[in-house]
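Open the model in your viewer and keep the selection panel at hand.

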Amino acid sequence: MSSQPKTETAPRKLILPQPISAAADRECRGERALLAQLGPDTIVMQGDNPALAKMPEKPTLLDFFRLRFGMITYNHLLQSATLARKAGQNEKTILACLLHDIANGVLIRTDHGYWGAQLIAPYVDEEVSWAVQHHQALRFYPDPAVNYEYPEPYVRFFGADYVVPEYLQMAYETARGHRWYGTSRAITLYDLYAFDDSVAIDCGEFEDLIGRHFKQPKEGLGFDNSPVAHMWRTMIWPTNFL
Ligand SMILES: [Fe+2]
Ligand SMILES: [Fe+2]
């Protein structure tokens with residue numbers, strides 16, 4: 001009697017939305033419905049998600065740009081940094097522009113200036129992370145001295161009667177008199193509030209500048225035991241169950 005070779009089929013892997021994306025579902029109906037599907041052929045997503053590009057073992061900053069960041073953020077950051085470079089800004093300021101919305105790449109958009117500042121803090125000059133954090137407040141406030149006006153698209157985004165929350169009002173007051181105000185203000189100046197997808201810039205154009213001003217850990221971002229390594233790992237495996 002001949003036995004047929006058993007064909008192994010890979011289990012189906014469920015991706016549960018991050019809790020922050022399902023905050024309105026406090027009864028967790030969506031999560032419960034997904035978990036009810038678990039069985040011999042169905043497990044949860046953990047580790048490399050085949051729908052995403054595989055990251056190298058020791059990922060660099062540019063690996064995240066190339067393999068993880070959504071194209072809106074990718075183009076936006078590169079266009080901002082290019083504008084700053086063309087305007088003759090110093091390299092620290094160009095780097096701040098290149099990294100200012102890094103949290104939006106694939107991590108989180110809420111309070112993105114704060115998350116972004118934390119992500120980069122161990123690897124950049126303190127002035128750069130400070131500037132990234134405070135651009136979140138400064139972008140709401142005009143500065144006639146440098147011809148910065150309230151961004152017109154924000155009226156469309158937030159409505160005409162939007163009131164800046166108090167914690168950002170306070171952050172603005174703090175930033176205004178700070179010695180690094182100009183660096184953070186520069187981010188808002190070269191920030192493109194209208195997103196232009198037609199301009200394609202390769203992130204490799206900033207490789208030298210990153211090499212000079214971003215202290216890449218030799219173990220790779222996510223694996224250097226820094227206080228923020230888990231945040232980079234979350235971007236490597238954004239669909240992990242736990
Ligand atoms: Fe921003
Ligand atoms: Fe931006």
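Start by selecting Thr 188, which lies in helix 9. Helices here are DSSP runs of H or I with at least four residues, strands are runs of E with at least two, and both are numbered from the N terminus. Residues are numbered from 1 along each chain as its sequence is written, and chains are lettered from A and ligands numbered from 1 in the order in which they are written. This is a predicted model, in which local features need pLDDT of at least 70 and side-chain atom pairs count only at pLDDT 80 or more, while totals for chains, interfaces and linings use all residues.

Is Thr 188 buried or exposed? Thr 188 is buried, as 25 other C-beta atoms lie within 10 Å. The cut-offs, with C-beta atoms placed from the backbone, are 20 or more other C-beta atoms within 10 Å for buried, 12 or fewer for exposed, and partly exposed in between.

Now show what surrounds Thr 188. Setting aside neighbours within four places in sequence, Thr 188 is in contact with His 135, Leu 138, Arg 139 and Tyr 148; contact means that the C-beta atoms, placed from the backbone, lie within 7 Å.

Next, select helix 6 together with helix 9 (residues 181-190). Their axes come within 8 Å and cross at roughly 55 degrees. Axes are lines fitted to C-alpha atoms, for helices over the stretch in contact, and angles run from 0 to 180 degrees between N-to-C directions. The two helices are therefore oblique to each other; under 35 degrees counts as roughly parallel, over 145 as roughly antiparallel, 65 to 115 as roughly perpendicular, and the rest as oblique.

To see the contact, colour Glu 127, Trp 130, Ala 131, His 134, His 135 and Leu 138 in helix 6, which meet Thr 183, Ser 184, Arg 185, Ile 187 and Thr 188 in helix 9. By class, these are 4 nonpolar, 5 polar and 2 charged residues. Ala, Val, Leu, Ile, Met, Phe, Trp, Tyr, Cys and Pro count as nonpolar, Asp, Glu, Lys and Arg as charged, and the others, Gly among them, as polar.

Keep helix 6 (residues 126-138) and bring in helix 8 (residues 166-176). Here the axes come within 8 Å and cross at roughly 120 degrees, which makes helix 6 oblique to helix 8. This crossing is left-handed. His 134, Gln 136, Ala 137 and Leu 138 in helix 6 meet Leu 168, Ala 171, Tyr 172 and Ala 175 in helix 8, giving 6 nonpolar, 2 polar and no charged residues.

Then move to helix 5 (residues 112-120), where 7 of the 9 residues are buried, so the helix is largely enclosed by the rest of the structure. The buried ones are His 112, Gly 113, Trp 115, Gly 116, Ala 117, Leu 119 and Ile 120. They pack against helix 4 (91-99), helix 6 and helix 11 (229-236).

Finally, zoom out. The protein has 11 helices and 2 strands, and 29% of its 242 residues count as buried. Along its principal axes, the C-alpha trace spans about 90 × 45 × 35 Å.

Note on methods:
Left-handed = near helix turned anticlockwise from the far one by under 90°. Contact = placed C-beta atoms within 7 Å.
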